Amino acid sequence: MKPNKILLFSAVLLHAALTGCMEWDYSDKTEDFDAAGTGLFITNEGNFQYGNASLSYYDPATNTVENEVFFRANGMKLGDVAQSMSSNDYSITGHLPQYFISNVSLEKNLDLRIAGLSLKLAVNNLFNEEYLSVLSRPMPGINFEFFIGITPRFSSRNKKPSARVE
């Protein structure tokens, strides 16, 4: 009786292992993709642990959607759970505007008896310039940073003097 249960359990486990996997119909060929219009890239998040995230492209001029753009352009899947996208390809995103930012900092080192102390104040983006280093991701305006560095000194004053023999 017991071997039948083991055999039945093994058969059910084998069936689940062989039929529970998903198959995707992907080919290995790549295609040229042209996103020269004013379209919109759409990340499709996909299911967790299935590796089925994808990238689509919507062209409002032709009212069409191109699916699996990343796979078609690169010959490989995008991966698992895509959440955002950025690109440095200026032919797709357009050029980022030039910017110039100024930072200033003051630092003071203090030599104390028990520790060395370093104080630093930094002002970043001093003139509050609006700029982007990645398209659609504005960088912070004027911001301040304050640093404190402490370097402890371990002295030998607390140690008992050793006896000297003369």
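User: What makes β2 and α2 part of the lining of the largest cavity?

Analyst: A residue counts as lining if one of its atoms comes within 4 Å of a cavity point. In this predicted model, β2 (54-59) and α2 (69-74) each supply at least two such residues. α2 gives the largest share, three residues. The lining has 12 residues, and among those nearest the centre are Ala 53, Phe 71 and Leu 78.

User: OK, on to the strands. How do you know that β4 is hardly covered?

Analyst: Buried means under 20% relative accessible area. Check the eight residues of β4 (104-111) against that, and the count of buried ones is zero. So, by that cut-off, β4 is hardly covered. As for the chain, buried residues make up 14% of its 166 residues.

User: Why do you say that β4 and β5 pair?

Analyst: Two strands pair if there are at least two bridges between them. β4 and β5 (115-124) have eight bridges, so they pass, and the pairing is antiparallel.

User: What makes β4 and β8 edge strands?

Analyst: Look at the order of the open sheet: β4-β5-β8, with antiparallel pairing. β4 and β8 (143-152) each have a single partner strand, so one side of each is left without a neighbour in the sheet. Neighbouring strands here are turned by 10° against each other on average, direction ignored.

User: Zooming out, which helices and strands does the chain have, and in what pattern?

Analyst: There are three helices and eight strands. Along the sequence they follow α-β-β-β-α-α-β-β-β-β-β.

User: How do you know that residues 24 or more positions apart are in contact?

Analyst: Contact means heavy atoms within 4.5 Å. Take the contacts with a separation of 6 or more: residues 24 or more positions apart account for 47% of them.

Notes: Residues are numbered from 1 along each chain as its sequence is written. This is a predicted model: local features need pLDDT of at least 70, side-chain atom pairs count only at pLDDT 80 or more; totals for chains, interfaces and linings use all residues. Side-chain values use heavy atoms; hydrogens and water are left out. Buried means under 20% relative accessible area, exposed over 50%, partly exposed in between (1.4 Å probe, protein chains only). Helices (H or I, at least four residues) and strands (E, at least two) are DSSP runs, numbered from the N terminus. Axes are lines fitted to C-alpha atoms, for helices over the stretch in contact, and angles run from 0 to 180 degrees between N-to-C directions. On a 1 Å grid over the protein atoms alone, a cavity is a set of points where a 1.4 Å probe fits but cannot get out, and a pocket is an open set with protein on both sides within 12 Å along at least five of seven lines; lining residues have an atom within 4 Å of a point.
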